[in-house]
Amino acid sequence: MTTTPLEKFGSAMHTLPLVAILRGLSPEEAAGVGDAIVESGFQLLEVPLNSPRPLESIALMRQRFPQALVGAGTVLDARQVREVHAAGGELIVAPNFDAEVIREAARLGMVSLPGVMTPTEAFGALAAGATGLKLFPAELATPAVVKALLAVLPRGTPLMPVGGITPSNMAEWRAAGAAGFGIGSALYKPGKTAQAVREDAERFVAAHAGTVRA
C-alpha cells in the first residue's frame with residue numbers, strides 16, 4: 001500500500017503515467033467525473049486553480065480516492081502551494097518554472113511538475129527540487145525536442161508533454177522518450193458528462209497500453 005506522494009507518483013508512472021487535467025471542474029462534478037477517471041485506471045488527478053472552487057474539489061477527491069495522487073494545476077506562487085497542501089492535495093503542477101513554487105512543494109513533501117520548454121528551465125527546475133518536468137505547451141514542441149532534452153537531462157528524469165495530446169499521437173511521443181502525458185480537454189471539459197469522460201478515459205488507457213515499450 002503506497003502512502004507518500006512520491007510513492008504514489010512512482011506507482012502511477014509505472015502503471016499509467018497519465019495526468020487527468022480537470023480544468024473547469026466544479027465540486028458538484030468531482031465525485032462523478034473522478035469515479036469515471038479513476039475506475040478507468042488513472043491515478044494522477046489535477047484540478048487547475050482557475051477552476052470553480054478548486055480547493056473544494058481537491059479535498060473531495062483526495063478523500064474519495066486516497067490511493068490516487070490528487071492535487072492542483074496552474075499553481076503560480078508559494079502561497080497557493082500551501083493552500084493546496086492544506087486542502088489535502090499532494091501534487092503541484094505549474095505552467096511555468098518558478099523556483100519558489102518548486103521549493104515550497106518539496107518542503108511540504110509534495111510532488112512537483114513544473115512547466116518547462118528549454119534546457120535552462122529544465123535544469124533550473126530540477127535544481128530547485130522538481131519531481132518531474134512538464135513539457136508545455138507541447139503544441140510548440142515535437143517528439144524530437146523530447147529526445148534532445150533527454151539526451152542532456154539526468155538519466156531517468158520524467159518528462160511529460162502536455163498540450164494537444166490525443167490517443168492517436170501518444171506513440172510518437174513515447175518513442176522519443178516521453179515518460180507520460182498530461183491530458184486536458186480531450187479528456188474533460190465543463191459540461192461533458194461523466195459517461196463521456198469515462199469513454200474517453202478508456203480510449204487513452206487503451207492507447208497507452210498499445211504504445212508501452214518493452
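Analyst: This is a predicted model. Three strands form an open sheet here, in the order 6-7-8, with parallel pairing.

User: Why are strand 6 and strand 8 said to stand at the edges?

Analyst: Strand 6 (115-116) and strand 8 (159-161) each have a single partner strand, so one side of each has no neighbour in the sheet.

User: What makes strand 6 and strand 7 a pair?

Analyst: Two strands pair if there are at least two bridges between them. Strand 6 and strand 7 (residues 133-135) have two bridges, in the parallel sense, so they count as a pair. Glycine 115 stands opposite lysine 134 in strand 7.

User: Why is phenylalanine 181 called buried?

Analyst: Buried means under 20% relative accessible area. Phenylalanine 181 has 0%, so the label applies. Phenylalanine 181 lies in strand 9 (residues 181-183). Its contacts include Pro17, Met160 and Trp173.

User: Why is threonine 74 buried?

Analyst: The relative accessible area of threonine 74 is 19%, and the cut-off is under 20%, so threonine 74 is buried. Threonine 74 sits in the loop between strand 3 (69-73) and helix 4 (78-86).

User: And why is arginine 53 called partly exposed?

Analyst: Exposed means over 50%, buried under 20%, and partly exposed in between. Arginine 53 has a relative accessible area of 41%, so it is partly exposed.

Methods. Residues are numbered from 1 along each chain as its sequence is written. This is a predicted model: local features need pLDDT of at least 70, side-chain atom pairs count only at pLDDT 80 or more; totals for chains, interfaces and linings use all residues. Side-chain values use heavy atoms; hydrogens and water are left out. Helices (H or I, at least four residues) and strands (E, at least two) are DSSP runs, numbered from the N terminus. Buried means under 20% relative accessible area, exposed over 50%, partly exposed in between (1.4 Å probe, protein chains only). Contact means heavy atoms within 4.5 Å. Lists of a residue's contacts leave out its neighbours within four places in sequence.
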